Amino acid sequence: MAKCDVCGKGVSFGHNVSHSIRRTNRTWKPNIRNVKAVVDGTHKTMHVCSRCMRSNKVTRAV
């Protein structure tokens, strides 16, 4: 499951483009980590992208 529980960031699709401009399909996957976070005063395991962790949108559980 490559989707952030906080911001909803998920897999995006596009093309690899070679020097001869031939296009093949590819995917970009977000950097998702399993994190123990504090949600409404309880500890909960969440799937969170690294950008949400870096911008303090998630309070880590100790």
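Visitor: What makes β3 and β4 a pair, and which way do they run?

Guide: Two strands pair if DSSP finds at least two bridges between them. Here 8 bridges join β3 (residues 32–39) to β4 (residues 42–49), and the two run antiparallel. In one of these, N34 has H47 in β4 as its bridge partner. Residues are numbered from 1 along each chain as its sequence is written. Keep in mind that this is a predicted model, where local features need pLDDT of at least 70.

Visitor: What lies between β3 and β4?

Guide: A turn: the two strands form a hairpin with 2 residues between them, and D40 in that turn has a positive phi of about 55°.

Visitor: How do you know which stretches count as elements, and in what order do they come?

Guide: Helices (H or I, at least four residues) and strands (E, at least two) are DSSP runs, numbered from the N terminus. The protein has 1 helix and 4 strands, in the order β-β-β-β-α.

Visitor: Why is the protein called more spread out than a compact globule?

Guide: The globule rule is 2.2 Å times the number of residues to the power 0.38, and the radius of gyration is taken over C-alpha atoms. For 62 residues the rule gives 11 Å; the protein has 16 Å, well over that, so it is more spread out than a compact globule. Its C-alpha trace spans about 55 × 20 × 15 Å along the principal axes.

Visitor: What share of the residues is buried?

Guide: Buried means under 20% relative accessible area (1.4 Å probe, protein chains only), and 18% of the 62 residues are buried.

Definitions and conventions
Predicted model: local features only at pLDDT ≥ 70, side-chain atom pairs only at ≥ 80, totals over all residues. Heavy atoms only, no water. Buried < 20%, exposed > 50% of the residue type's maximum accessible area, 1.4 Å probe, protein only.
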